[in-house]
Amino acid sequence: MDKIKVEVCCGTACYLLGAANLMSLEDMLPENCRGRVEVEAKTCLELCEKENLGGAPYVRFNDTEIMAQATPEKVLARISELVEGVA
Amino acid sequence: MADDLFIEMEAAQYTKTGQGACGDDVRFMTVEKENRHLVALSDGLGSGVKANVLATMTTSMAIKFLESNVPMLEAVEIIMDSLPICEVRKIGYATFSLFDFRLGGKARISEMGNPGYIHLRGTEEIAPLKDEQIASSHWPDREVRECEADFRAGDRIIMCSDGVTQSGLGVRKDMKFGWRRSGVLKFAQEKIAADPDISARDLSAAIAREALFLTPGGCKDDISCVVCYLRRPRVMRVLTGPPFYKDHDADYARKATLGFDHVVICGGTTANIMERELGVKVKVKLSDMKSSGGLPPVGTMEGVGIATEGILTLGRVLSALEQMRPPEREPAAARAILERMMRHDRIEFVIGTKVNESHQDPNIPQDLELRRSVVKRMCAALEKNYRKKVTVDYY
């Protein structure tokens, strides 16, 4: 089974608006998600300069799905849903 | 030819254990318009604050006299007449070593009371072209040694305080008279044989560290070692910010092809331009993500250089440069940039001038300085505090 790819934007705006709290995301993963998720830091996803995406910090799942105003809680909840196969 | 050369001048010091201030002082000066480079090293009588005052007065005056081409003997007499007299010893005294070099010319070394300087070409010791002792009529017990040296590209000159040559004295049975000048010479030759390109920074640090190591149980005297190394400059490039015109991206990215150890890319958008133009991905190790110490993590672009976040990281680097904080204590990304800066002689900034609109977001909880002003202050600190050559190009 392919791993779920989670990209955390580490650009200036994202980092200052909360991505700093996502740096230890890997350690926060619940037991059932370990080994199923690949967390990556990206230098900048270049989403902050686009309007109407909801605001930094941004996290991207599986190259397509964007989460705005990401917090560890929101990201972990979404990872759990993806692991459990909920769309 | 002389324009292609750079003189790296560095010092390493340890303070006598138990003292709050170092009794040795080292001062550097570059006289740009004369392409001239000066160093003064002084060891003040005694230790602690009193010695520090004597040494600092001596280096400050000596370097000014050197700059103004005051004859050495006259300078020494003025310095001696000015130093405060020690209540205990009834004398005012500080030894010194002075180095005066004009690119394309000869080096002049003047010494009083300090261990004799060492001149190395590779591992071979080079004798001075001229070597004279000058006595003062004023201070008959003080003699100044004046030397002229044929200082060529690839040569090194090492100057120490007696805390280096006397390390190990009275502690080690195999060093009855301490490490001595001969021991320092042999150690430096071995270091250069093992690493022919060893920088002045690394060699001075290695000599000072060895002197400390030879004296177990703490530093018995202030230790100072200065190394001057004449060589072709080591160039690094810092690329930061996207170019104002997008069609300049390719040109801009080509500036990053200088070799992995010599390139730093600062900024997420800048890194993305490099990824696109050079076809190399930025990789961030997960462990680096967790231990980034309050700044976004540092990544690597294989064959290109390191990639960091932009303005927060540069701001941190700036404050370390301005306050001369050692790189080891900085967060990973700032440390990586600072260490590279310390290893290079000429630092070329290539700045994209496009403003990142997302940084103007009022929700961002701190002031973000403009890239250009941060780089401008960084250049000033690199030149003034670290004697680096700096250039800035805008895109």
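Mentor: Helices (H or I, at least four residues) and strands (E, at least two) are DSSP runs numbered from the N terminus. This is a predicted model, in which local features need pLDDT of at least 70 and side-chain atom pairs count only at pLDDT 80 or more, while totals for chains, interfaces and linings use all residues. Residues are numbered from 1 along each chain as its sequence is written, chains are lettered from A, and ligands are numbered from 1, in the order in which they are written.

The part to examine is chain A. It has three helices and four strands, and from the N terminus on these elements follow the order β-α-α-β-β-β-α. Along the principal axes, the C-alpha atoms of chain A fill a box of roughly 35 × 25 × 20 Å. Of its 87 residues, 34% count as buried (20 or more other C-beta atoms within 10 Å of the residue's own, with C-beta atoms placed from the backbone; 12 or fewer is exposed, and in between is partly exposed). Among the contacts in chain A with a separation of 6 or more, 67% are made by residues 24 or more positions apart; a contact means C-beta atoms, placed from the backbone, within 7 Å.

Chain A is in turn joined to chain B. In this interface, 19 residues of chain A are in contact with 27 residues of chain B. On the chain B side, α7 (268–278), α8 (286–290) and α9 (311–323) each supply at least two of the residues that touch chain A. Of the elements on that side, α7(B) gives the most, with four residues.

The two chains also meet in a nonpolar core, that is, a set of buried Ala, Val, Leu, Ile, Met, Phe, Trp, Tyr and Cys residues joined through C-beta atoms within 7 Å. The largest such core has 68 residues, and V8(A), C9(A), C14(A), Y58(A), I265(B) and V317(B) have the most contacts inside it. The element that gives the most to this core is α9(B), with seven residues. Leaving aside residues up to four places away in sequence, I265(B) touches L239(B), A256(B), T270(B), A271(B), M274(B), M301(B), G305(B) and A307(B). A second, separate core holds 60 residues, including M112(B), V164(B), C219(B) and Y229(B).

β1(B) and β11(B) pair in the antiparallel sense over nine bridges (strands pair if DSSP finds at least two bridges between them). In this pairing, I7(B) stands opposite L230(B). Strand β10 (residues 155–160) of chain B also runs antiparallel to β11(B), joined to it by five bridges, and C160(B) has C225(B) as its bridge partner. Eight of the nine residues of β11(B) are buried, so this strand is largely enclosed by the rest of the structure.

How values were computed:
Contact = placed C-beta atoms within 7 Å.
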